[in-house]
Every structure is written in structure tokens, then in C-alpha cells.
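Please read the following report alongside the sequence and the coordinates.

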Amino acid sequence: MAGDVNLFFNDPDEPTTAEIEVMIAERASRRKGLAGEAIRMLMAYGATDLGVKKYRAKIGLSNSASLALFQKLGFQEVSRSSVFQEATLEWPIPDEVTTMWLPSWHRSCYSQ
């Protein structure tokens, strides 16, 4: 196992918002695109199967690689916490993007 990726539904005021996080624990597995691929796959699943409409990521300010990755994926910084030394980034999902993420095998499962 290289690491993990998780979704948390922890905002009762925004039930269709999920906090997403990724960790590539094995140093030898870093910088190979695994984090980005895992995030995209989980985001597609969350949007199509769990009804997620917005993703939120909280990333330590010193974690420049993760900040760059989430910004590359389209997340925008919405706040910074000096207390926790983290940035909060969000990405609301446009409706047309949901089906674009799905690989062809996944789309075929839903078209039956």
C-alpha cells in the first residue's frame, strides 16, 4: 500500500460538501502521480455515487506539493488559519464535469 485517500462528511450545515485528503506514505511512491489519480477517482465516485457537490481540502501551509496538486486540480484557496498553519481550498463541482470524470467502464455501468 502506497498511502490512502479519504472523504469526510463532517459539516452538518453543508451535507453535500466532503472534505478530501490524500497521503502517500511510502517515499518511493511519491512524485509518481498516485495522489492525483487517487483524488480524481475518489472525487468521481463521491460526485456520482454519494451526491457530493463541493470538495474541501485542508492542507498544511508547509506542504507545498499538496497545495500545488490541489490547485492544479482546480481547487481555490478560500481561507488560511494561522493557528493551525493550514490553508482551506475548495472546488464546487460544475454539473457537466461529473460525467467527464467517469472512465468508460464506469459510465457503461450507469447507462444500463
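In which helix is the place of Y45? Y45 belongs to helix α1, which spans residues 34-49, helices (H or I, at least four residues) and strands (E, at least two) being DSSP runs numbered from the N terminus. The model is a predicted one, in which local features need pLDDT of at least 70 and side-chain atom pairs count only at pLDDT 80 or more, while totals for chains, interfaces and linings use all residues. Residues are numbered from 1 along each chain as its sequence is written, and side-chain values use heavy atoms, with hydrogens and water left out.

Y45 counts as partly exposed because its relative accessibility is 40%; here buried means under 20% relative accessible area, exposed means over 50%, and partly exposed lies in between (1.4 Å probe, protein chains only). Together with F9 and L50, Y45 forms a nonpolar patch on the surface, with about 290 Å² of accessible area for the three together. Such patches are made of residues with over 30% relative accessible area and no salt bridge, where nonpolar side chains (Val, Leu, Ile, Met, Phe, Trp, Tyr) are joined within 5 Å and like charges within 9 Å. Accessible areas come from the Shrake-Rupley method with a 1.4 Å probe, and for residues only the protein chains shown count as cover.

The protein chain contains four helices and five strands, which follow one another along the sequence in the pattern β-β-α-β-α-β-β-α-α. Of its 112 residues, 35% are buried, and the chain exposes about 7300 Å², of which carbon and sulfur atoms supply 53%.

The five strands form an open sheet of mixed pairing in the order β1-β2-β3-β5-β4, two strands being paired if DSSP finds at least two bridges between them. At the edges are β1 (3-8) and β4 (76-81), each of which pairs on one side only. Within the sheet, strand β2 (residues 17-24) pairs with strand β3 (residues 54-60) in the parallel sense over three bridges, and T17 has K54 as its bridge partner in β3. Helix α2 (residues 64-72) packs on the sheet, where it touches β2, β3 and β5, and its direction makes about 160° with that of β3. Helix α1 lies across β1, β2, β3 and β5 (86-92) and runs at about 155° to β2. For these helices, contact means heavy atoms within 4.5 Å, and the axes are lines fitted to C-alpha atoms, for helices over the stretch in contact, with angles from 0 to 180 degrees between N-to-C directions.

A salt bridge is a side-chain nitrogen of Lys or Arg within 4 Å of a carboxyl oxygen of Asp or Glu, and by this rule the count comes to seven. The table gives some of them.

| Salt bridge | Closest N and O atoms |
|---|---|
| E14 and K54 | 2.8 Å |
| R56 and E14 | 3.3 Å |

R56 counts as buried because its relative accessibility is 11%. E90 in strand β5 and R56 in strand β3 are 34 residues apart, and their pair links distant parts of the chain. E90 also counts as buried, at 15% relative accessibility. Salt bridges that share partners join D11, E14, K54, R56 and E90 into one network.
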